[in-house]
Amino acid sequence: MPEPMLEVSGITVRYSGLPVLREASVRVEEGQTVAVVGSNGAGKSTLLKAIMGAARTGPEGSIKFLGQEIKGLPTERIVRRGLIYVPEDRKLFKPLPVEENLLLGAFVVSDEAAKRRSLEYVYELFPRLRERRAQPAGSLSGGEQQMVAIGRGLMSDPKLLILDEPSLGLAPLMVSEVFQTVGRLQKEGRTVILVEQNVLEALEMADYAYVVQTGRIRHQGTSRELLDSDVVQKAFLGGV
Amino acid sequence: METLLIELLKSLVSGLLMGMVFALVALGLTIIFGVMDIVNFAHGEFLMFGMYTTLLVSPLMGVDPLLSLPVCGVVGAALGMVCYFGVVRFLLRGPMVAQLLGTFGLMLALRNLALLFMGSEPRLVKSGVLVGRSLVLGPGVVLESTKLAAAVLSIVSFVFVWWLIRRTKTGMALTATSLDKEGARYMGISTERMNALAWALGGASVAIAGGLLVNFWPVEPNVGLLFTMIAFATVALGGFGSIQGAFAAGILIGMIVYIPPVWDAATSFAGVDAPTIHGFKYTFVYLIYFLIMVLRPQGLFGWKQ
């Protein structure tokens, strides 16, 4: 088996003593799209925040990125290693223009030419952002704001991109646009962790998937296996 | 009529100059608030440290008080960082009230430290290229060099801070931190470092203001209180966290301070037997502060951006 890009083994996160995520283990290989699905409050975001150093993990387990331990590092150091997180509430800098938001996404990039290339790439990916480049990010529609968030996440050409519920709260048309974007990133050979409540779409897109329920990873497998499995059919897809 | 005109002109000029000094004093407060949403009650004590720095350093090094300003900047930045890493960083984990009482405690500690080492008598810088010199603009309208230099350096400081925030990468990181800390960390920005930088910048700017002020304003351990209050009024008026707002509001407050003397001159000119009110000049500042808080709490220029 090749060395995985990200290997989370047996981490636990507690909020005021109560475990909200128990002994979670996740493996992501280069070029893969890995889906993490589960219902609201199951612990998906906690898992991601733990990876990003934004949720305090218990002493047990380890998180290895490109072979190196990143558990316990501050978020900004993890970001500098090429692991980028696009949070579900987007965390845009709302009063700043779209373009400044995007450029902040390349804060860790010192090569100016690379920065301009990334900006061109993002504008090509989302032409609407080019039109709106001078507008305050907060004045955009929900879907456009999500484009800014994803575009900003791509500005540093990340090694691993984590998208946390990118389709949350968007109109159906925008949802399909978001999934199209993920599809394109996939074709470009990017490594993506996709967290979704739209279980069916996420599974159809992903190579491998984890199902999180009540703070534990209950199931995992290739998307095909999970789509065919009874548990997933029953729990998420309304099958019998 | 002529005396009234002169009084008016004099007040206008003095108000403008003092206003720029007030603005410089408020600059650090608004930077720290802008980045961290923390109100630093020890702000005036930072100013007092800057004043003592010039007072002590210039005779010690045998240089003009003006040349001691870089030392003030370094001392202020160091003081800001020590306060941040030693105290404020821990207050962030607590509730809002911990931050208020924490910086209040800082104020008392710094004040008593000064009392312990410097004594309580007021002191003033008595020599230097600026002291005692002035520029006469007309009969009765005199620009004291000390105040003129302070005003010019205030403008320089504002331009520098504006440039830093709007035109540099560090400034972008500061802005991002002030808007959304968690978001900034996901960009790879060390918000901890930005907080420390805000305290260093805030400390340096107010200590430089102190170094300028001590050329015409005596320093004693309690001198900070008046300036903390004025800085609060300035920042409230300009909008908490707003740099341009602090500059405009500082000048406005400088002008307000000179309303009472003009009023006195006007009543005596008109021959009205009204009581003089020039002793109440700061009352007007606080009255404006109060009105702003009640009527337009976001300040004239809005919060932050």
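How many residues of chain B are in contact with chain A? In this predicted model, 14 residues of chain B are in contact with 13 residues of chain A.

## Interface between the chains

On chain B, helix 6 (169-179) and helix 7 (181-186) each supply at least two residues of the side that touches chain A. Sorted by class, that side of chain B holds 7 nonpolar, 4 polar and 3 charged residues.

## Domains of chain A

Chain A is split into domain 1, made of 1-82, 160-168 and 190-240, and domain 2, covering 89-158. Taken over C-alpha atoms, the centres of domain 1 and domain 2 of chain A are 25 Å apart. Their contact involves 7 residues from domain 1 of chain A and 6 residues from domain 2 of chain A.

On the domain 1 side, helix 2 (75-80) and strand 7 (160-164) of chain A each contribute at least two residues. Strand 7 of chain A gives the largest share, with 3 residues. The side of domain 1 that touches domain 2 consists of 5 nonpolar, 1 polar and 1 charged residues.

## Helix packing in chain A

Helix 3 (residues 98-105) and helix 6 (residues 142-154) of chain A pack at an angle of about 35 degrees, and their axes lie 7 Å apart. The crossing of these two helices of chain A is right-handed.

Helix 3 of chain A takes part in the contact through A:Val98, A:Asn101, A:Leu102, A:Leu104 and A:Gly105. From helix 6 of chain A come A:Val148, A:Gly151, A:Arg152 and A:Gly153. By class, the residues of this helix contact are 4 nonpolar, 4 polar and 1 charged.

Definitions and conventions. Residues are numbered from 1 along each chain as its sequence is written. Chains are lettered from A and ligands numbered from 1 in the order in which they are written. This is a predicted model: local features need pLDDT of at least 70, side-chain atom pairs count only at pLDDT 80 or more; totals for chains, interfaces and linings use all residues. Two residues are in contact if their C-beta atoms, placed from the backbone, lie within 7 Å. Helices (H or I, at least four residues) and strands (E, at least two) are DSSP runs, numbered from the N terminus. Ala, Val, Leu, Ile, Met, Phe, Trp, Tyr, Cys and Pro count as nonpolar, Asp, Glu, Lys and Arg as charged, and the others, Gly among them, as polar. Axes are lines fitted to C-alpha atoms, for helices over the stretch in contact, and angles run from 0 to 180 degrees between N-to-C directions. A crossing is left-handed if the near helix is turned anticlockwise from the far one by less than a right angle, and right-handed if clockwise. Domain bounds come from an automatic or database domain assignment.
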